[in-house]
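Keep the structure open as you read.

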Amino acid sequence: MRTLTFVVGTGRSGSTALSGIVNAHPDVLSLNELLASVQSRGFPEGLLDGGEFWRLLADPNPLFERMIRNGVPMPEFVYTHRPGRFTTDTTGIPALSLMVLPHLTDDPDGLFDELEKQVRGWPNRTAVGHYEALFGLLCTRFGRSAVVERSGYSLDRVPLLRKAFPQARFVHLFRDGPDCALSMSRHTGYRLIFLLREILARTGAERVEELTEDQVRSLPPELSPLLAERFDSALVLDRDLRSTGFAALWSQLVVQGVARLGELPEPLRTTLAYEDLLDEPREELARLAGFIGVEPLPQWLDAGAACLDGSRRGASRRLPAAELAALREACAPGAEALAGSRG
């Protein structure tokens, strides 16, 4: 029986490295950033035919396209490192192609075409039914028996995923709060997320897509241009954003995420600390394999352990004492929630 596991977390927690390790297991289909790619539009209500479902996967992600166009791409955009026939300035890069397909193959354009030929002909199903069919198709294509989806900044999707896939398993991957917050503060994507959250807080809107013209006009000049098709990359890259703001964001995400994960049946959830993974890689990877439902192959454990780089651990400890103390204070609610979730 095919298993489905979601690795969720705040991001900036070693999750990209973990995706690479998981992808190297011969029995695991690793879907890297699939949820981040399709986002909330990926689960519409009602029935969809194959062509409609394919559009969810193939239409470019508008936010990611704007980031590329304006010179603030994320390093996770794998397709742009080895570009194929799709570009932001011409065709747009399909959502599925930007991070998911290049993780699976060196020929993402070829796999895109292969999938399109099959998926477009699928009968009417719910979006969830189509995803399950897609997982099955890709498992058959690559000879895998377990599916693991991993997206950064994904803790808030736990209720949606639980409702859509009741039998799915969840791994909460997390990292020391101050280290994670510091990493967020230096990452293009999280800096933009932080600024967009500020826009929503100032306007009272729930989603950027729902902002009215009056709300946009009410924003200060350092924020309103971020909603335009073209903006100056310095608005994201050069603005002074305090790391304590990211620490507060980390705490908020973790506190909410731990509560949501706590509502799941215990056999369907586990935790994985990045620091534990660095300290005892073979033991933690073996435990992860067992939870996913695959064998902890010795060669895979050795290769996975060799992939882990602990050089960034403890980065926050090199900060001035006052700044580190402020980070720890802002991270305290999240750290407390994590301690409780680990028993």
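## Aromatic pairs and the core

F86 and F112 are both buried (under 20% relative accessible area with a 1.4 Å probe, protein chains only; exposed is over 50%, partly exposed in between). This is a predicted model, in which local features need pLDDT of at least 70 and side-chain atom pairs count only at pLDDT 80 or more, while totals for chains, interfaces and linings use all residues. Residues are numbered from 1 along each chain as its sequence is written, and side-chain values use heavy atoms, leaving out hydrogens and water.

The structure holds 14 aromatic pairs (rings of Phe, Tyr and Trp, the last by its six-membered ring, with centres within 6.5 Å; planes under 30 degrees apart are stacked, over 60 edge-to-face, the rest tilted). Two of them are set out here.

| Pair | Centre distance | Plane angle | Class |
|---|---|---|---|
| F53 and W122 | 6.4 Å | 20° | stacked |
| F86 and F112 | 5.1 Å | 70° | edge-to-face |

F53 sits in helix α3 (residues 50-58) and W122 in the loop between α8 (108-119) and β4 (125-126), so their pairing ties together parts 69 residues apart in sequence. Helices (H or I, at least four residues) and strands (E, at least two) are DSSP runs numbered from the N terminus. F53 and W122 are both buried as well. F86 belongs to the loop between α5 (78-81) and α6 (95-98) and F112 to helix α8, so this pair ties together parts 26 residues apart in sequence.

Ring pairs also link F6, F43, F53, W122, Y131, F135, F165 and F170 into a cluster. Which residues have the most contacts inside the largest nonpolar core? They are F6, L31, F53, L115, Y131, F165 and F170, in a core of 87 residues. Such a core is a set of buried Ala, Val, Leu, Ile, Met, Phe, Trp, Tyr and Cys residues joined through side-chain atoms within 4.5 Å. Helix α9 gives the most to this core, with eight residues. Apart from it lies another core of 22 residues, among them V28, A146, L278 and L285.

## The second largest pocket

The second largest pocket has a volume of about 310 Å³ (the space filled by probe spheres set on grid points, which are joined across faces, edges and corners). On a 1 Å grid over the protein atoms alone, a pocket is an open set of points where a 1.4 Å probe fits, with protein on both sides within 12 Å along at least five of seven lines; lining residues have an atom within 4 Å of a point. Its lining has 13 residues, with M1, R2, T3, L4 and Q167 nearest the centre. β1 (3-8) and α9 (127-142) are the elements that give two or more residues to this lining.
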